[in-house]
4 protein chains.
Amino acid sequence: MQFKPRFAGYDAKTRNSFAQQAMMKTFGAEIVDLKPGHCVITAPIKPGVTQQHGFAHAALTFAIGDTAAGYAALSMMDEKAEVLTVEMKINLYAPAKGDLLIATGKVVKPGRRLIIVSAEVAARNNDQTRPIAVLQGTMIPVE
Amino acid sequence: MQFKPRFAGYDAKTRNSFAQQAMMKTFGAEIVDLKPGHCVITAPIKPGVTQQHGFAHAALTFAIGDTAAGYAALSMMDEKAEVLTVEMKINLYAPAKGDLLIATGKVVKPGRRLIIVSAEVAARNNDQTRPIAVLQGTMIPVE
Amino acid sequence: MQFKPRFAGYDAKTRNSFAQQAMMKTFGAEIVDLKPGHCVITAPIKPGVTQQHGFAHAALTFAIGDTAAGYAALSMMDEKAEVLTVEMKINLYAPAKGDLLIATGKVVKPGRRLIIVSAEVAARNNDQTRPIAVLQGTMIPVE
Amino acid sequence: MQFKPRFAGYDAKTRNSFAQQAMMKTFGAEIVDLKPGHCVITAPIKPGVTQQHGFAHAALTFAIGDTAAGYAALSMMDEKAEVLTVEMKINLYAPAKGDLLIATGKVVKPGRRLIIVSAEVAARNNDQTRPIAVLQGTMIPVE
């Protein structure tokens with residue numbers, strides 16, 4: 001599906017919002033692609049973000065999946081709106097093994113009151129990148 | 001509901017597993033209560049874990065809610081099993097404002113193959129502690 | 001938690017709305033308890049609602065769980081509002097075996113724009129009633 | 001993604017299982033497409049399945065979305081296995097208005113213990129078919 005942004009300056013607004021998220025800085029996360037209804041965020045799997053088996057913690061997978069989905073939704077919102085996650089569901093189906101997580105968020109259905117979103121998270125391990133989780137949720141605009 | 005642990009040494013096993021989660025250390029999270037089918041984890045809302053409005057990031061709320069639910073489930077598992085989140089759904093309904101998050105995880109239904117869990121996360125702001133999110137999900141044992 | 005209804009006539013309004021749901025009639029469902037933020041709905045497990053093993057179909061469990069949660073939320077809404085399910089997650093953890101399903105819906109967090117709800121569904125088999133599913137979701141008011 | 005069935009006779013097995021679901025008969029549901037990891041089910045929006053506004057009840061949307069996803073998963077299971085929904089999350093984002101619902105279920109990730117699935121449900125209204133809901137969930141094999 002092709003989406004039109006609701007506000008022409010959504011790109012700068014999104015990057016500015018992202019820069020203010022201390023948690024994203026803690027994780028070393030970056031926006032690597034941004035289009036209306038679409039956002040890709042990466043985060044390195046570094047020592048401080050692992051769980052008990054040495055893989056990336058589910059919270060990191062959730063963090064960048066949720067954030068990619070949220071910024072995909074933000075492009076569908078008015079200039080003054082900020083985006084808030086109402087609810088998010090994550091299915092984790094492979095170990096987050098490797099050196100980088102890549103989350104691709106997209107808008108499923110834009111709406112005035114609610115925006116339905118999804119995301120897929122993949123892990124890059126050496127030369128291989130394979131999907132490890134899917135997310136489905138709801139974003140709302142707040143002023 | 002009252003639960004009996006499947007393995008007498010679950011307490012030490014759980015605390016040992018928790019200690020190996022680098023992400024929990026990064027967040028400064030602590031287990032503050034642990035009983036069969038029940039686990040409470042706290043994490044301070046410090047500068048590195050906020051989102052763009054200065055409140056705790058949803059990823060922190062998810063992280064400790066999911067972890068509290070997981071360790072509640074671990075007490076229902078055999079000695080050699082470790083716990084893995086299959087899926088988790090979170091509804092976020094109030095800002096994570098304050099200085100501390102408190103997640104209470106519990107077992108809804110223990111099973112041999114799957115354990116259904118839930119968690120509630122609250123934020124402590126000065127003298128007030130109020131619920132901000134609920135989680136519902138599925139844990140499995142892995143060896 | 002104790003809830004106050006937003007509109008005094010919520011009881012008649014709810015029963016009237018329920019009576020207009022043809023699906024509830026098809027299922028033989030009934031409201032058996034209704035209070036602010038709380039609603040109990042039952043449905044018989046009759047021949048036309050089973051799955052391939054002769055137990056109640058997950059769709060029946062979902063139907064009355066979702067409806068009980070929705071009408072629990074309706075009591076928190078203004079006079080003119082109707083209730084709509086935005087999203088609902090169900091964990092099914094025991095077979096829906098017996099002659100009657102009983103869904104207890106409740107409000108987790110009332111809000112002006114969104115109401116967070118949960119429900120538990122139990123199956124009555126001879127003299128025993130045991131929980132088979134939990135639901136967690138979001139309702140919105142529509143006019 | 002291309003999937004190989006685990007058991008050559010999955011087509012007959014699936015249709016036989018479907019035929020035994022009384023609820024599907026009550027709804028007039030039909031399997032209209034079936035391939036490994038993929039299943040499409042339709043159901044007419046007839047008088048007995050509506051909610052209070054005359055649209056299809058969310059339970060019908062859930063019923064065929066969940067069933068399409070389940071039978072998509074069944075093709076990934078061994079000969080003797082039957083499929084069971086462990087958990088399912090549905091986001092409903094447009095009214096189920098029209099004369100027919102069409103659910104397309106697919107496998108996101110097949111596994112030995114768990115199969116991650118998704119489904120999209122659309123409503124046909126005169127000449128237009130538009131998506132109204134998405135589902136994401138987990139299926140397990142049972143013997």
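Visitor: What makes strand β3 of chain C and β3(D) a pair of strands?

Guide: In this predicted model, 5 bridges join β3 of chain C (residues 82-92) to β3(D), and the two run antiparallel. Pairing requires at least two bridges between two strands, so these strands pair.

Visitor: Which residue of β3(D) stands opposite C:E87?

Guide: Opposite C:E87 stands D:N91.

Visitor: Why are residues of chains C and D said to be in contact?

Guide: Contact means that C-beta atoms, placed from the backbone, lie within 7 Å. Chain D has 26 residues in contact with 26 residues of chain C. On chain D, the elements giving two or more residues to this side are α2 (22-27), α3 (58-74) and β3 (82-92). The largest share, 8 residues, comes from β3(D).

Visitor: How is the side of chain D that touches chain C divided by class?

Guide: That side has 12 nonpolar, 11 polar and 3 charged residues.

Visitor: How many residues of chain A are in contact with chain D?

Guide: Here 10 residues of chain A are in contact with 10 residues of chain D. Two or more residues on the side of chain A that touches chain D come from each of β3 (82-92), β4 (100-109) and β6 (128-142) of chain A.

Visitor: Which element gives the largest share of that side of chain A, and what classes of residue does the side have?

Guide: The largest share, 3 residues, comes from β6(A). By class, the side of chain A that touches chain D has 4 nonpolar, 4 polar and 2 charged residues.

Note on methods
Residues are numbered from 1 along each chain as its sequence is written. Chains are lettered from A and ligands numbered from 1 in the order in which they are written. This is a predicted model: local features need pLDDT of at least 70, side-chain atom pairs count only at pLDDT 80 or more; totals for chains, interfaces and linings use all residues. Two residues are in contact if their C-beta atoms, placed from the backbone, lie within 7 Å. Helices (H or I, at least four residues) and strands (E, at least two) are DSSP runs, numbered from the N terminus. Ala, Val, Leu, Ile, Met, Phe, Trp, Tyr, Cys and Pro count as nonpolar, Asp, Glu, Lys and Arg as charged, and the others, Gly among them, as polar.
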